[in-house]
Amino acid sequence: MYISNLPLNQSYSASSFYDEMYDGTGAVRRHYERLYEKLQLMNAESLGRRQRAMNQRMLEEGITYTLYADGQQEALERTIPFDILPRIIPQHEWRELERGVIQRTKALNRFLYDLYHDQHIINDGIISRKMVVSNRYFRPEMMRLHVPDDIYVTCSGIDLIRDEHGQFFVLEDNLRSPSGFSYLFTTRMMMKRFFHDSYFSCSVAEVEHSLGAFLSALKRIAPRDRANPTVALLTPGKFNSAYFEHTYLAQKMGIELVEGGDLVCIDHKIYARTTTGLKQIDVVYRRIDDDYLDPLAFRPDSVLGVAGLMNAYRAGNVAIANAPGTGVADDKAIYTFVPDMIRYYLNEEPILPNVPTYLLERPDEREYVLERLDRMVVKETSLSGGYGMLIGPSATEEELMRFAENIRMNPGNYIAQPTISLSTAPIMNHGQFVPRHIDLRAFALFGNSVHVIPGGLTRVAMKEGSLVVNSSQGGGCKDTWVLRE
């Protein structure tokens, strides 16, 4: 199916995938009509000029991340590819997605509380004990430990995809220290500045107030005796791939940006070293993994964390967001049980379904997948960011053989899913509109209630035909507009 009536007079092939902007007949979907009318008034030169201005502004403001490319000896710092054409979600669709994300966030939080306390879900046979205790992210140190307000996951990123029929699925849960917040806010800022005529012609839900919701959620878990709690973002430092995001969030929320060496534990309390002396920290928003949080509790060779942080946490003198041990719930094998968690803890049916998933430690499912490996997506259960993944339809024979061998040797380390034909959306590519596959990372903030940031971050597979949207693998992003009417 080809569409030739685009503002740049270029043919746009929507192929057989569900396209966000065009329906199966080639007509513009209703919620895109106003944007389309604005685009018709522009030409390739005008759009290209705006795109270049955005890219230059991102470079000037240091909106970057670090890309670890194959074959490169050193990491490459680059601006994330940002596309000028927004992804638009109508209000009725967003309400359903929001309800599903809230439901899922509540169930995952209940699961983590149960897991580190009475383990009813294990005792009732919903999830096996082996699957939990053998999980690399399970932290025995968290057993029976009081977590402020029982909120384990203050901020989460739920990855959503849409299949060729237009149905949304949850692809993945990100609960340890989800990234991408800064790109959501900065892309919106860029669109308001350089695409303002189109932005203000649509009734778009604002996202800026969500920074206040983020800060409120962090302060919510502070020790009760602190009237005006001090929050610090703990970063691994400037060489971390998401360092721009760390500095951005700290600046915008008005919180301290610290590295492990800036903090000290005295009398089971955490203090930041400042030019005026020690300042007590009430909440640590950590952007480092559990292993490196505290050399006295976890890896003794860690120089990124704070010696004594876990003791201060146990004493109730500091809160940590997200709580240590949350990674067990975003493991890709545990993911398969989230619909069961929703039924078990909330007594509700899941609003958003999972992608069908095979646990390869089960012999029958393993053999089924191995016979169809060239049609499957296989993932290592403990990895994220697009690493440790096989996309069967585009894999070489050598890659298929290597993964098959790895699966047979360590089947519990892998899950498999059928290849989903991700929906597409148009991007600007050298003056032409071309379709690229996308997903959506929805961000939930758990404070007094669960707040879902309107729209989230649409991630784009910039390469033609690619299904990998992760920025660490060369993916880009675009602004996501939720219509208010």
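Visitor: In what order do the four strands of the open sheet stand?
Guide: Strands are DSSP runs of E with at least two residues, helices are runs of H or I with at least four, and both are numbered from the N terminus. Two strands pair if DSSP finds at least two bridges between them. In this predicted model, the open sheet has the order S9-S8-S13-S14, with parallel pairing. S9 (256–258) and S14 (319–321) stand at the edges with a single partner strand each, so one side of each has no neighbour in the sheet. From one strand to the next, the twist averages 25°. Such angles run from 0 to 180 degrees between N-to-C directions; axes are lines fitted to C-alpha atoms, for helices over the stretch in contact.

Visitor: How many bridges join S8 to S9?
Guide: Three bridges link S8 (residues 231–234) to S9 in parallel. Leu 233 stands opposite Leu 257 of S9.

Visitor: Which strands does H9 lie across?
Guide: Helix H9 (residues 243–253) lies across S8, S9 and S13 (283–286), at about 150° to S9.

Visitor: How are two packed helices described?
Guide: By the angle between their axes and the distance between the axes. Here the axes of H6 (residues 181–194) and H9 come within 9 Å and cross at roughly 70°. That makes H6 roughly perpendicular to H9; the class covers 65 to 115 degrees, while under 35 is roughly parallel, over 145 roughly antiparallel and the rest oblique. Contact means heavy atoms within 4.5 Å. Phe 181 and Tyr 183 of H6 are among the residues that make it, as are Tyr 248 and Leu 249 of H9.

Visitor: Where do nonpolar side chains tend to be in soluble globular proteins?
Guide: They tend to be buried together. Buried means under 20% relative accessible area, exposed over 50%, partly exposed in between (1.4 Å probe, protein chains only). A nonpolar core joins buried Ala, Val, Leu, Ile, Met, Phe, Trp, Tyr and Cys residues through side-chain atoms within 4.5 Å. The largest core here has 81 residues; Phe 181, Phe 214 and Leu 249 are among those touching the most other members. Beyond its neighbours within four places in sequence, Phe 214 contacts residues including Phe 181, Leu 249 and Tyr 285. Another core, of 50 residues, lies apart and includes Leu 115 and Val 338.

Visitor: How many residues of S7 are buried?
Guide: Six of the seven in S7 (residues 168–174). Six bridges join S6 (residues 155–162) to S7, antiparallel.

Visitor: What should I know about the numbering and values?
Guide: Residues are numbered from 1 along each chain as its sequence is written, and side-chain values use heavy atoms, without hydrogens and water. Local features need pLDDT of at least 70, side-chain atom pairs count only at pLDDT 80 or more, and totals for chains, interfaces and linings use all residues.
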